[in-house]
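The exercises below ask you to read a model step by step, with the sequence and the coordinates open beside you. Please try each task before you turn to its solution.

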Amino acid sequence: MAGGEVGDSRSTSGLTPNSGHVGVTEPQKSLEDENLKTLASQDTQDLKSVLVTSVLNLEKLDVDLYRGTHHWVPRTQRLFGGQIIGQALVAAAKSVSDNFYAHSLHCYFVRAGDPKVPVLYQVDRTRDGRSFTVRSVKAVQHGQPILICQASFQKLQPSPLEHQFTMPSVPPPEDLLTVEELIRLHLSKPDLAEDAKKGLNKLLANEVPIEIKPVSPAHFYRFTPSEPRRLFWGRARGYIGEGNMKLHCCVAAYVSDFALLGTAMQPYPNYRAQFAASLDHAMWFHSTFCSDEWMLYECESSWAGSSRGLVQGRIWRRDGVLAASCSQEGLLRVKPVPESSKL
Ligand SMILES: CC(C)(COP(=O)(O)OP(=O)(O)OC[C@H]1O[C@@H](n2cnc3c(N)ncnc32)[C@H](O)[C@@H]1OP(=O)(O)O)[C@@H](O)C(=O)NCCC(=O)NCCSC(=O)CC(=O)O
């Protein structure tokens with residue numbers, strides 16, 4: 001199934017609606033790149049994922065009350081939304097029987113998360129049914145909610161109704177560079193301004209616990225205007241291994257918020273986000289998957305307006321199975337890029 005075209009039934013309403021087919025990539029391989037790739041993959045092998053050992057490893061304080069700490073904090077100095085969703089789902093799953101699996105979650109980010117203090121997760125056992133179980137989670141800092149989340153779990157049930165879209169055709173992750181490799185390549189440009197160098201080195205120093213390989217870096221980094229659609233391979237850094245599907249869903253929830261909202265900015269390279277933050281996030285889990293294996297993230301923004309952007313995402317297993325879908329609206333307060341800082 002892998003390697004087909006995007007299904008006819010869901011063409012985007014982007015600015016350039018003619019490109020239903022994906023799979024375009026810039027020539028970007030060289031011996032130097034290959035060396036970088038080898039080094040990068042050696043870094044990640046045999047290391048237990050920090051997402052499992054730290055970020056999603058909540059401390060139990062009392063019945064249905066947990067504490068989560070932070071590993072990576074974005075430059076905005078607000079807590080990363082994916083971390084809060086992932087931790088909320090971990091907390092919710094702790095009071096759910098082993099034979100119930102997360103099938104969906106719906107969240108609102110109501111306040112910015114403070115990186116200086118841990119987050120408390122209060123779980124309410126909303127309902128336990130024969131097939132479905134629902135949990136409500138409040139993430140709290142300084143006595144006030146920063147996230148409200150409902151998560152629903154279901155017992156595995158057979159169904160004669162089964163369909164999905166077809167996975168887009170894209171180059172395999174082995175043929176693409178990670179964001180860190182792309183940054184290093186950019187850093188090697190002789191005419192790069194000192195400010196840019198500093199910024200890029202700071203980015204490299206971040207220990208983001210996930211790996212991303214954009215299919216089309218020029219669009220991902222908004223060097224040129226493009227339709228509001230992006231594809232990238234993503235996976236948790238380090239080893240998680242098979243077995244705990246609930247944990248893989250929590251990791252996917254973490255990753256799903258990483259590069260979703262930027263999709264809505266792709267048509268507007270002449271604008272920079274002054275304030276960008278996810279407002280809500282919904283997710284549906286369809287199939288089993290391993291979040292430490294490469295999965296294809298297909299993101300498209302169907303609408304932007306009123307300082308908001310709406311983005312839908314599909315997460316594909318490498319073998320073409322649709323693993324999860326997500327949807328998010330984000331606040332996008334923008335300002336024009338000054339002429340002097342355009343590349
Ligand atoms: C979206 C919210 C800021 C609510 O917005 P409000 O405008 O109602 O909030 P507020 O009134 O407190 O104002 C916040 C700041 O915005 C300014 N402000 C308010 N309205 C404005 C307007 N119309 N135009 C320009 N500025 C405005 C205020 O002056 C204030 O600035 P000042 O502060 O200078 O006084 C809040 O709900 C929130 O922070 N939610 C959490 C979002 C989040 O953290 N998501 C997860 C991380 S994002 C992520 O992980 C994904 C990603 O980054 O891609």
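## Overall fold

Residues 24 or more positions apart account for 75% of the contacts in the chain with a separation of 6 or more, where two residues are in contact if their C-beta atoms, placed from the backbone, lie within 7 Å. The model is predicted, and for that reason local features need a pLDDT of at least 70 and side-chain atom pairs count only at pLDDT 80 or more, whereas totals for chains, interfaces and linings use all residues. Residues are numbered from 1 along each chain as its sequence is written.

**Exercise 1.** Determine how many helices and strands the chain has, and in what order the strands of the open sheet lie.

*Step 1.* The chain holds seven helices and twelve strands; helices (H or I, at least four residues) and strands (E, at least two) are DSSP runs, numbered from the N terminus.

*Step 2.* The twelve strands of the open sheet follow the order 1-2-4-5-6-3-9-12-11-10-8-7, with antiparallel pairing, and two strands pair if DSSP finds at least two bridges between them.

*Step 3.* Strand 1 (59-62) and strand 7 (210-214) stand at the edges, and because each has a single partner strand, one side of each is left without a neighbour in the sheet.

*Step 4.* From one strand to the next, the twist averages 30°, with angles that run from 0 to 180 degrees between N-to-C directions and axes that are lines fitted to C-alpha atoms, for helices over the stretch in contact.

**Exercise 2.** Work out whether strand 10 is enclosed or open to its surroundings, and name the strands that pair with it.

*Step 1.* Eight of the eleven residues of strand 10 (residues 295-305) are buried, so this strand is largely enclosed by the rest of the structure; a residue is buried if 20 or more other C-beta atoms lie within 10 Å of its own, exposed if 12 or fewer, and partly exposed in between, with C-beta atoms placed from the backbone.

*Step 2.* Strand 10 pairs with strand 8 (residues 229-236) over six bridges in the antiparallel sense, and Arg230 has Cys299 of strand 10 as its bridge partner.

*Step 3.* Strand 10 also runs antiparallel to strand 11 (residues 308-317), to which ten bridges join it, and Trp303 stands opposite Leu310 in strand 11.

*Step 4.* Strand 10 and strand 11 form a hairpin with two residues between them, and in the turn Ser306 has a positive phi of about 50°.

**Exercise 3.** Describe the shell around the ligand by the origin and the class of its residues.

*Step 1.* Of the 16 residues around the ligand, Gly81, Phe109, Ala112, Leu261 and Ala277 come nearest, a residue being near if its C-beta atom, placed from the backbone, lies within 6 Å of the molecule or strand.

*Step 2.* Strand 9 (271-285) and strand 12 (322-336) each supply at least two residues of this shell, and the largest share, four residues, comes from strand 9.

*Step 3.* By class, the shell has nine nonpolar, three polar and four charged residues, where Ala, Val, Leu, Ile, Met, Phe, Trp, Tyr, Cys and Pro count as nonpolar, Asp, Glu, Lys and Arg as charged, and the others, Gly among them, as polar.

*Step 4.* Strand 9 and strand 12 pair with each other in the antiparallel sense over 13 bridges, and the partner of Phe285 in strand 12 is Ala324.

**Exercise 4.** Find where Asp64 and His142 lie, and state how exposed each one is.

*Step 1.* Asp64 lies in the loop between strand 1 and strand 2 (65-68), and although Asp64 is not a glycine, its phi is positive, about 60°.

*Step 2.* Asp64 counts as partly exposed because it has 17 C-beta neighbours inside 10 Å.

*Step 3.* His142, found in the loop between strand 5 (132-141) and strand 6, is not a glycine either, and has a positive phi of about 50°.

*Step 4.* His142 has 8 C-beta neighbours inside 10 Å and therefore counts as exposed.
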